[in-house]
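Keep the viewer open while you read.

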Amino acid sequence: MPQEYRLILKHADEPGYTPDIDCYMRNGGYETLKKALSFQTKDLPDGKKQTPQEQIRQEVTTSGLRGRGGAGFSCGLKWSLVDRKSGKPIYMICNADESEPGTFKDRQIIHKDPHQLIEGMIVACFGNDVHLAYIYIRGEMPEGARILNRALAEARAKNFLGKNILGKGYDLEIHIHRGAGAYICGEETGLIESLEGKRAYPRIKPPYFPAILGLYMCPTIVNNVETLAAVKHIVQMGGAEYAKLGTPNNTGTRIVSVSGHVKKPGYFEVEVGKATLGELIFDEKFGGGLRDGRKLKAIIPGGSSAKVFKAGEKFKVKRKGPDGQLTPVEVDLLDLPYDFDSLQQAGSMSGSGAIIVMDDSTDIVAALANLSEFYAHESCGQCTPCREGSLWMSKALHRLTNGHGRKQDADYLIRIAQGIQGRTICAFGEACSWPVLSFINKFKDEFEARGARDEAKHSSSAGAGPSGEMRIAASPQH
Ligand SMILES: Cc1cc2nc3c(=O)[nH]c(=O)nc-3n(C[C@H](O)[C@H](O)[C@H](O)COP(=O)(O)O)c2cc1C
Ligand code: SF4
């Protein structure tokens with residue numbers, strides 16, 4: 001049975017452990033920074049030289065670390081794509097927006113062990129020749145911003161930040177920037193616009209890949225809080241050692257937020273892929289199972305944008321056999337290893353690492369209506385399919401949950417969602433259409449039954465004259 005493996009959250013919940021620098025340093029804090037700053041240029045067997053910065057980047061690549069913010073993109077690869085030849089400054093931004101519904105892991109690091117994030121960031125900045133960095137924190141987290149500001153001041157006072165850090169000739173400043181609470185500020189290019197003082201309109205890629213044209217049109221690295229905290233451990237233990245944690249291509253540990261209809265909602269740090277979805281929900285060490293007398297109905301495995309799973313589903317995922325060959329095997333939903341690749345092969349994603357559990361008391365139409373209302377509210381409005389489509393979907397779902405549905409609403413919703421995905425500037429288009437597509441794909445009978453019931457109700461009362469009830473139009477032409 002898998003256990004929690006606390007690497008990043010090792011001290012976070014220990015009695016007496018406090019977020020101040022003295023406590024952090026008593027527990028070995030900032031030793032990794034000292035180690036990183038003492039790296040010497042190395043001679044490689046091929047006669048080339050490897051700078052300390054290149055060594056840090058190499059360790060991160062060797063570690064196999066994948067971004068913990070949502071897409072699971074290789075951190076080493078992201079860093080390797082940074083334009084180092086432009087002569088422009090390189091910026092680093094820590095994405096602490098944590099806005100994906102269901103996700104509450106980054107704030108554990110920020111609130112309970114902020115210096116770990118700061119140390120990881122300084123090491124990452126040093127490794128990428130960054131001299132100015134930002135932590136972009138969600139507006140609704142004022143306490144987190146206060147804690148981080150205090151931690152930065154403490155780090156500055158010890159010369160872990162500022163000019164000529166620890167006498168090693170390296171300068172770095174980190175600033176906190178507070179967002180104003182829009183979900184789209186979590187999207188890296190929207191975040192960059194917001195940081196520049198503008199409205200958070202995501203930029204189109206290409207050409208605006210942050211690694212080339214990011215903050216102030218300079219090369220910029222955007223990484224999630226948990227990703228940067230992991231960098232500290234990678235440089236401390238070595239990339240190869242870190243890669244032994246987790247499973248191949250899904251290395252290290254991951255903090256999973258489990259919420260919804262479980263007995264023990266909470267956050268759990270596990271080796272990636274060593275615990276299954278079922279264990280994270282049902283095991284006493286994790287979610288503790290469903291409320292008494294309830295059955296599982298659905299699971300959103302990676303934050304609200306991830307496609308929903310229906311209880312009882314089976315999937316074909318690729319497993320490596322003893323001969324090293326990948327062969328497809330059938331796996332039950334609850335036996336899916338909680339890792340990037342397995343969930344992707346099952347048609348969804350581990351996204352921000354947030355598992356939302358729904359038992360059989362859930363009104364699935366109302367649940368989707370709730371999500372869609374969020375997305376309609378949060379669309380930045382730049383792209384017509386996203387701006388209009390997210391609102392139409394929300395209105396149609398509102399109709400269905402308020403007794404004014406139509407049997408064809410399920411197909412209507414699918415048509416709108418299909419018209420959004422792949423046709424927008426940023427991945428919000430997918431984020432708002434995937435829940436609709438997957439909920440209706442997996443629970444179409446419930447959506448159609450709701451629409452049919454409403455139609456029957458209205459046609460039976462049609463002879464009685466106008467009912468006075470208003471039909472909310474989903475769009476002018478529908
Ligand atoms: C609509 C939307 C919202 C996002 N919100 C967040 C967020 O709150 N936090 C985050 O770290 N990444 C978020 N992301 C992902 C970021 O764009 C970016 O990929 C990530 O910060 C990169 O960090 P990583 O490589 O360390 O995961 C979001 C993406 C989209 C499309
Ligand atoms: S997809 Fe939506 S959120 Fe993203 S840029 Fe377009 S309108 Fe804005």
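## The parallel sheet

Strand S3 (residues 90–96) and strand S4 (residues 130–137) run parallel and pair over seven bridges, where pairing takes at least two DSSP bridges between two strands. Tyrosine 91 sits opposite leucine 132 in S4. The element names are DSSP runs numbered from the N terminus: helices are H or I with at least four residues, strands are E with at least two. This is a predicted model, in which local features need pLDDT of at least 70 and side-chain atom pairs count only at pLDDT 80 or more, while totals for chains, interfaces and linings use all residues. Residues are numbered from 1 along each chain as its sequence is written, with chains lettered from A and ligands numbered from 1 in the order in which they are written.

Zoom out and you get an open sheet of four strands, ordered S5-S4-S3-S6, with parallel pairing. Strand S5 (173–178) and S6 are at the edges with a single partner strand each, so one side of each has no neighbour in the sheet. On average, neighbouring strands here are turned by 20 degrees against each other, direction ignored.

## Helices on the sheet

Helix H6 (residues 114–127) packs on this sheet and touches S3, S4 and S5, its direction making about 155 degrees with that of S3. Contact here means C-beta atoms, placed from the backbone, within 7 Å. H10 lies across S3 and S6 and runs at about 95 degrees to S6. Axes are lines fitted to C-alpha atoms, for helices over the stretch in contact, and angles run from 0 to 180 degrees between N-to-C directions.

H10 also meets helix H3 (residues 52–63): their axes come within 9 Å and cross at roughly 100 degrees. Ile56, Glu59, Val60 and Ser63 of H3 make the contact with Val231, Ile234 and Val235 of H10. By class that is five nonpolar, one polar and one charged residues, counting Ala, Val, Leu, Ile, Met, Phe, Trp, Tyr, Cys and Pro as nonpolar, Asp, Glu, Lys and Arg as charged, and the others, Gly among them, as polar.

Check the loop between helix H8 (188–195) and helix H9 (210–213), which holds proline 206. A cis peptide bond joins lysine 205 and proline 206, with omega about -10 degrees. Another cis bond links proline 206 and proline 207, omega about 10 degrees. Further along, in the loop between H9 and S6, is tyrosine 216, a residue other than glycine whose phi is positive, near 50 degrees.

The protein splits into domain 1 (21–243), domain 2 (246–359) and domain 3 (364–464), with bounds from an automatic or database domain assignment. The centres of domain 1 and domain 2, taken over C-alpha atoms, are 28 Å apart. Their contact takes 19 residues from each of the two domains.

Ligand 1 has 24 residues around it, with Gly67, Gly69, Gly186, Asn224 and Thr227 coming nearest; a residue is near a molecule or strand when its C-beta atom, placed from the backbone, lies within 6 Å of it. Domains 1 and 3 both give residues to the shell, so ligand 1 lies between them. The largest share, three residues, comes from S6. The shell has eight nonpolar, nine polar and seven charged residues.

Which residues come closest to ligand 2? Of the 14 surrounding it, they are Cys380, Cys383, Cys386, Thr424 and Phe428. Helix H15 (384–401) and H17 each supply at least two residues of this shell, which has eight nonpolar, five polar and one charged residues.

H17 also packs with helix H16 (residues 409–420) at an angle of about 170 degrees, the axes 8 Å apart. The two helices are therefore roughly antiparallel. Their contact has 10 nonpolar, three polar and three charged residues.

## A hairpin

Strand S13 (residues 314–320) and strand S14 (residues 326–332) pair antiparallel over seven bridges, with lysine 316 opposite glutamate 330 in S14. The two strands form a hairpin with five residues between them, and glycine 324 in the turn has a positive phi of about 85 degrees.

Terms used: Angles under 35 degrees count as roughly parallel, over 145 as roughly antiparallel, 65 to 115 as roughly perpendicular and the rest as oblique.
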